[in-house]
Every structure is written in C-alpha cells, then in structure tokens.
Amino acid sequence: MTKRRRRPPAPKRTKKPKQPKKPPLTARTADRHVLYQRAVQSPEVDAAFYARFFQRTTGRPLRVMREDFCGTAVLSCHHVRRHRENRAIGVDLHWPTLAWGRIHNVKDLLDEEQRKRLLLLQENVLDVRSPKADAILALNFSYSVFKTRRDLAAYVQNAHRSLKPGGVLFMDAWGGPDVQKHVVDRARHGDFTYLWEQRRYDPISHEIECAIHFEFRDGTKMRDAFVYEWRLWTLAELRELYEEAGFRDVHVLWEGTDSKTGRGNGVFRRKERGDMDEAWIAIVVGTKE
Ligand SMILES: C[S@@+](CC[C@H](N)C(=O)[O-])C[C@H]1O[C@@H](n2cnc3c(N)ncnc32)[C@H](O)[C@@H]1O
C-alpha cells in the first residue's frame, strides 16, 4: 500500500561475503508474496512499535497479539520472536496465503519452540473470539473489505469481545484528497519496482479499487499482483464504531511529516486534530474496559 518500507540500513561490510549469484528477478521467476513483504511491510519495526506503545500506555507487556487479516503472518512471527512469553494468533480466510506463510515465514523465522506459540487460524475474522488477546491489530487497511457500516460494526464488536479486559484494538487508516484521485505511485526496491495504483473511487459509495503491480529490470511486468475492492472509511466513522462497540479512550495516532521529503516519517503521535495533508496515514486506538 502507500506505506513505505522503513528498514535500518544494512551494516557496512569491509569484505563482500561470497554468495551464490541469484538469477535476476523477472515477472516469471518472482514470488508476489516475497515482493509484497519487501515493498509493503516492515514487520520487525511494526512488532516493536506496537509492543512499545502497548507497554507505555497500559503499563504491561504485550504478550498475546492477534493479527487479523494476517496474510502470510510475518508480523505474528516477529511478535513471537521478540520474547519467550509472546504468543500470536494470525487469522486469515485465504488458505493458500496462510500456507505460503507457513512454508516461508514460519519455517524460516521460528524455531520449534517458537512455533508452538503461534496459532494460525483459517477463519473469518468475524467468527474468531478466542483465545482472548491483549491486542488486536488490523493493519494495511484490510478491514476495508467490509463495505457496509453494519459489517464493519460487526467486526469492531467482535474484536471487542475477543480482547481481554484492558486489551487494545489497533486499526490503521488512510485518506486525504490524493487518495480519491487516479494515481500510480512508484517505488524502487533494489531489483524490482513497486507500483501502487488507485484506479477507481466512487464519491457516492466511497468504494475504491486499488492494485499492486511489480516491474522488473528486464522489462517484464507483474500486473494486478494484488487487487483490492474496498470501501474507504473515514476516521470519524471508525471512532464512532469503536465507541459504539464499548471501547474507551478512543483516539487517533497521526503520522508526522518528514520536513525534507514532505512524506510520512513513521512517527505516530496522539492528536485531536489532523492536518490537511494530501495523503495521510493514522492509527485508531481503543481500549476494552
Ligand atoms: C491486504 S492483505 C493484508 C496482509 C497483511 N496483514 C498486511 O498487513 O499487509 C488482506 C488479507 O485479508 C484477508 N481477508 C479478507 N477478508 C477476510 C476476512 N473476512 N477474514 C479473514 N481474513 C480476511 C485476505 O485473505 C488477505 O490475506
């Protein structure tokens, strides 16, 4: 999506280690999930961010994290790796994506003991209520698949029921006038280019269609690697739904702006009033009584 990867620079090496030469990526050889994870997600940074925020605001460590719409569950894996008492529950409807996550992320990132602390459920997020979680994360706007207020309300209510007392729900959100335009954003990621296309927006229903494409150095293209048919929800609607579901201390963390680039800087702070940015990202937070 529009989030850019935030990854610390690799340590400088004096001598280049010998590595088998990888064949160049092409549309035929590339794996769309690998490209998505490299271009869109920052699971280590995100796992650290939510753990730190939870500890700071609740005074206790984030131990049981549920990742709704988990896809390949890479964030869940990183949460489990952070501490020997951490547990993660990843929920996703799509069996092939979960299977990809098991084969690649779970196998590569977790040892045997850590795997026991990860539970992957092939379920609808509307149906899962246990095990109860300290925090539920619905990231990269995935809840936007719910196109009616009734469906999104059911999701927020179910999340509320699935949390332990004092548990926290995090849902990220995006918006601004730029989001309602036909735009194709491009970002180079080493041996491939990531393209985010906003290709249709209906001001009446707020339905929006977006797609991710990838391009390679040999000129080949992977069009429509991922396509999203969503509703664009506003922060005001999300806040109301949280409050109606019984969350308290409902608030918004607003991303700051990098003064040099004019783009998001990855620093999220609680704000009562947002800025008139062309495009913004925010996180809605609420606590279960
Ligand atoms: C955009 S991907 C999110 C991947 C990853 N969590 C991220 O942050 O980038 C959305 C995922 O939501 C899943 N999904 C859509 N509707 C769902 C539902 N009702 N219940 C569970 N998973 C759902 C899809 O299968 C897909 O893997």
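**Ground rules.** I am working with a predicted model, where local features need pLDDT of at least 70, side-chain atom pairs count only at pLDDT 80 or more, and totals for chains, interfaces and linings use all residues. Residues are numbered from 1 along each chain as its sequence is written, and side-chain values use heavy atoms, with hydrogens and water left out.

**Overall build.** I started with the secondary structure and found seven helices and 12 strands in the protein chain. Here helices (H or I, at least four residues) and strands (E, at least two) are DSSP runs, numbered from the N terminus. Next I looked up the radius of gyration, which is 19 Å, close to the 19 Å of the globule rule for 289 residues, so the chain is as compact as a globular protein of that length. That radius is taken over C-alpha atoms, and the rule is 2.2 Å times the number of residues to the power 0.38. Along its principal axes, the C-alpha trace spans about 55 × 50 × 40 Å.

**Domains.** I noted domain 1 as 32-177 + 234-288 and domain 2 as 179-229; such bounds come from an automatic or database domain assignment. Their C-alpha centres lie 22 Å apart. In contact (heavy atoms within 4.5 Å) are 17 residues from domain 1 and 22 residues from domain 2.

**Where they touch.** How much area do domain 1 and domain 2 bury between them? I found about 1500 Å², with 65% of it on carbon and sulfur atoms. Buried area is the accessible area (1.4 Å probe) that two parts lose on being put together, summed over both. In domain 1, Arg 32, Leu 35 and Trp 174 lose the most area to domain 2, together 35% of what that side buries.

I also counted six residue pairs in polar contact between the domains, both residues at pLDDT 80 or more. A polar contact is a pair of N or O atoms within 3.5 Å; within protein, one must be able to donate a hydrogen and the other to accept it, and residues adjacent in sequence count only if both atoms are side-chain atoms. On the domain 1 side, α1 (32-40) and β5 (163-175) each supply at least two residues. Helix α1 gives the most there, with seven residues.

**Salt bridges.** I used the rule of a side-chain nitrogen of Lys or Arg within 4 Å of a carboxyl oxygen of Asp or Glu. It gives 20 salt bridges, and three between domain 1 and domain 2. Lys 147 and Glu 207 form a salt bridge at 4.0 Å, N to O. I looked up Asp 191 and Arg 38 too, whose side chains meet at 3.2 Å, N to O. That pair links distant parts of the chain, 153 residues apart: Asp 191 sits in the loop between β6 (183-189) and β7 (192-201), and Arg 38 in helix α1.

I found a cis peptide bond joining Ser 130 and Pro 131, with omega about 0°. Pro 131 is in the loop between β3 (118-122) and β4 (133-138).
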